[in-house]
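Student: I have a structure open and want to learn how to read it. Can we start with pockets, then move on to strands and disulfides?

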Amino acid sequence: KQEVTQIPAALSVPEGENLVLNCSFTDSAIYNLQWFRQDPGKGLTSLLLIQSSQREQTSGRLNASLDKSSGRSTLYIAASQPGDSATYLCAVSKETSGSRLTFGEGTQLTVNP
Amino acid sequence: GAVVSQHPSRVICKSGTSVKIECRSLDFQATTMFWYRQFPKQSLMLMATSNEGSKATYEQGVEKDKFLINHASLTLSTLTVTSAHPEDSSFYICSARGTSGVYEQYFGPGTRLTVT
């Protein structure tokens, strides 16, 4: 059974700092990995998707890397802003069809002005 | 593109009644949709996979007679919580699988269900 772990569970940083969120998964036979953002009481916003054949994806100030063999992914946020405050979730899918996602518990990020 | 909506966003119902939640893909067709529930301070737990034109596949421990799923069209899936009880109070989120080869999932804004 796939298990996804995110470290740290919570993180508080001053504005402008670069930061790294970590995600690990126990079964390396994944199809893709997605990073999401969730604001309180809201749904999920997809940030980045990395296919199993890729090593990283970038979007603006966000960079996600994937090391499938070691079961790890990182989300790098550059020059953090108060608007980045949210819970960040990573999720992996195993099957090539259906794409059932297994989620981590999330990292709650607070960026202080 | 790839917008998923849910209705209602919030619902309060009395114990013993049934509640229907709709999930729509607004600008793409989704043969597969997923229903999740999320308790406070916890992550999303997959309840069931909904396939257009066929029966839903439920995760272990999810009562299919209590959580009725219908995926009657390529843009609409519904989740009906039957005979709701206070322990069913939760945040329900749906997602729809994209049609590109990478199978990205797009999530709705969620429905907050409170059973009194």
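Tutor: Start with strands at a pocket. β9 and β11 (107-112) of chain A each supply at least two residues of the lining of the second largest pocket. Keep in mind that this is a predicted model.

Student: Which strand gives the most to that lining, the lining of the second largest pocket?

Tutor: β11(A), with four residues. The pocket has 23 lining residues. Nearest its centre lie A:Gln38, A:Thr87, A:Gln108, B:Gln38 and B:Lys41. Its space is about 510 Å³.

Student: What classes of residue make up the lining of the second largest pocket?

Tutor: Eight are nonpolar, eleven polar and four charged.

Student: How much space lies in the largest pocket?

Tutor: About 820 Å³. Its lining counts 31 residues, and the closest to the centre are A:Lys1, A:Thr102, B:Met45, B:Leu46 and B:Glu59. β5(B) provides the largest share of this lining, four residues. By class, the lining has ten nonpolar, nine polar and twelve charged residues.

Student: Now sheets. What is the strand order in the open sheet of five strands in chain A?

Tutor: Read a sheet from one side to the other. Here the order is β1-β3-β8-β7-β6, and the pairing is antiparallel. β1 and β6 (56-59) of chain A are at the edges with a single partner strand each, so one side of each has no neighbour in the sheet. On average, neighbouring strands are turned by 15 degrees against each other, direction ignored.

Student: How many bridges join β1(A) and β3 of chain A?

Tutor: Four, in the antiparallel sense.

Student: How many disulfides does the whole structure have?

Tutor: Two, over all chains. To read one, check the sulfur distance, then the position of each cysteine. The sulfur atoms of A:Cys23 and A:Cys90 are 1.9 Å apart. A:Cys23 sits in strand β3 and A:Cys90 in strand β9 of chain A, 67 residues apart.

Student: Is A:Cys23 buried or exposed?

Tutor: Buried means under 20% relative accessible area. A:Cys23 has 2%, so A:Cys23 counts as buried. A:Cys90 has 0% and is buried as well.

Student: Which cysteines form the disulfide in chain B?

Tutor: B:Cys23 and B:Cys94, with sulfur atoms 2.0 Å apart. The link is right-handed, with 80 degrees about the S-S bond. B:Cys23 lies in strand β3 and B:Cys94 in strand β9 of chain B, so the pair ties together parts 71 residues apart in sequence. B:Cys13 is in no disulfide; the nearest cysteine sulfur, that of B:Cys94, is 18 Å away.

Methods:
Residues are numbered from 1 along each chain as its sequence is written. Chains are lettered from A and ligands numbered from 1 in the order in which they are written. This is a predicted model: local features need pLDDT of at least 70, side-chain atom pairs count only at pLDDT 80 or more; totals for chains, interfaces and linings use all residues. Side-chain values use heavy atoms; hydrogens and water are left out. On a 1 Å grid over the protein atoms alone, a cavity is a set of points where a 1.4 Å probe fits but cannot get out, and a pocket is an open set with protein on both sides within 12 Å along at least five of seven lines; lining residues have an atom within 4 Å of a point. Grid points are joined across faces, edges and corners, and a volume is the space filled by probe spheres set on the points. Ala, Val, Leu, Ile, Met, Phe, Trp, Tyr, Cys and Pro count as nonpolar, Asp, Glu, Lys and Arg as charged, and the others, Gly among them, as polar. Two strands pair if DSSP finds at least two bridges between them. Axes are lines fitted to C-alpha atoms, for helices over the stretch in contact, and angles run from 0 to 180 degrees between N-to-C directions. A disulfide is a pair of cysteine sulfur atoms within 2.5 Å. Buried means under 20% relative accessible area, exposed over 50%, partly exposed in between (1.4 Å probe, protein chains only).
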